[in-house]
Amino acid sequence: MSSFAEMIENITPDIYQSLKLAVEIGKWPDGRKLTQEQKELSLQAMIAWEVQNLPEEQRTGYMGPQECQSHAAPIPNILFKSNDTLH
């Protein structure tokens with residue numbers, strides 16, 4: 001394979017699952033420990049494959065919509081009253 005992109009195109013769902021498990025537990029299926037470089041490359045390959053093959057909500061690192069709890073209900077502005085209350 002001549003490029004990272006070509007390698008990603010050749011990853012099957014089974015290979016993806018194997019990479020994912022290896023990154024999660026830090027070991028290859030045969031029990032050998034992943035090196036730091038192998039972890040990094042495997043994670044990069046997983047993420048690149050996910051972008052092409054999975055919906056956003058199923059990808060590694062997806063956190064869903066983010067909103068502060070304070071935005072759930074309006075907070076009255078006590079410093080500046082509306083013009084209606086000034087009359």
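At 4% relative accessibility, Y16 counts as buried; buried means under 20% relative accessible area, exposed over 50%, and partly exposed in between, with a 1.4 Å probe and protein chains only. Before I go on, this is a predicted model, where local features need pLDDT of at least 70, side-chain atom pairs count only at pLDDT 80 or more, and totals for chains, interfaces and linings use all residues. Residues are numbered from 1 along each chain as its sequence is written, and side-chain values use heavy atoms, with hydrogens and water left out.

Back to Y16. A search of the whole structure turns up one aromatic pair. The rings of Y16 and W49 have centres 4.3 Å apart and planes at 20°, so this pair is stacked. The rule takes rings of Phe, Tyr and Trp (for Trp, the six-membered ring) as a pair if their centres lie within 6.5 Å; planes under 30 degrees apart are stacked, over 60 edge-to-face, and the rest tilted. Y16 sits in helix α2 (residues 13-25) and W49 in helix α3, so the pair ties together parts that are 33 residues apart in sequence. Helices here are DSSP runs of H or I with at least four residues, numbered from the N terminus. W49 is also buried, at a relative accessible area of 7%.

Now α3 itself. It has 18 residues and reaches 26 Å from its first C-alpha to its last, close to the 26 Å expected at 1.5 Å a residue. The expected span is 1.5 Å times one less than the number of residues.

Which residues in α3 are buried? They are S42, A45, M46, W49 and E50. Seen down the axis of α3, the buried residues fall within an arc of 135°, so they line one face of the helix. That arc is taken from the directions from the helix axis to the C-beta atoms. As background, an α-helix has 3.6 residues a turn, so residues three or four places apart point the same way. The face of α3 turned away from the buried side carries the exposed residues Q36, E37 and Q52.

L43 also belongs to α3, which covers residues 36-53. L43 is partly exposed, with a relative accessible area of 33%.

Last, the salt bridge: a side-chain nitrogen of Lys or Arg within 4 Å of a carboxyl oxygen of Asp or Glu. The whole structure has one. The side chains of D30 and R32 form a salt bridge at 2.7 Å, N to O. D30 is exposed at 53% relative accessible area, and R32 is exposed at 51%.

Note on methods. Helices (H or I, at least four residues) and strands (E, at least two) are DSSP runs, numbered from the N terminus.
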